Amino acid sequence: MLLVSLVPAVGSPVSGEGSLLNIEVEAIASGDSLLAFDLANVHLVASDGRNICFQVEPVKLTVK
């Protein structure tokens with residue numbers, strides 16, 4: 001489970017495009033794996049409670 005809370009400074013609006021969050025993982029062995037999120041359990045809301053639309057890209061991890 002990962003819970004992240006991001007809040008801009010008071011009076012600083014958030015706008016634009018780009019990465020909002022980078023997740024770093026550490027491998028324990030070599031191999032391939034997929035990193036996926038259950039979108040039914042991912043919730044992104046504005047500070048006023050409005051739902052925010054977002055896009056999650058598929059990720060494939062390879063450790064050699």
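**Notebook: overall shape and Leu-34**

I looked up the radius of gyration (taken over C-alpha atoms) and found 15 Å for the protein, whereas a compact globule of 64 residues would have a value near 11 Å. The globule rule I used is 2.2 Å times the number of residues to the power 0.38.

I note that this is a predicted model, where local features need pLDDT of at least 70 and side-chain atom pairs count only at pLDDT 80 or more, while totals for chains, interfaces and linings use all residues. Residues are numbered from 1 along each chain as its sequence is written, and side-chain values use heavy atoms, with hydrogens and water left out.

I looked up the span of the C-alpha trace along its principal axes and got about 45 × 25 × 20 Å.

I checked burial (under 20% relative accessible area, with exposed over 50% and partly exposed in between, 1.4 Å probe, protein chains only). Of the 64 residues, 2% count as buried.

I looked up secondary structure as DSSP runs, numbered from the N terminus (helices: H or I, at least four residues; strands: E, at least two). The protein has two strands and zero helices.

I then turned to Leu-34, which sits in strand β1, residues 31-35. Why does Leu-34 count as exposed? Leu-34 counts as exposed because its relative accessibility is 68%.

I listed the contacts of Leu-34 (heavy atoms within 4.5 Å). Setting aside neighbours within four places in sequence, Leu-34 touches Val-59 and Lys-60. I also took the C-alpha to C-alpha distance from Leu-34 to Leu-3: 20 Å in space, at 31 residues apart in sequence.
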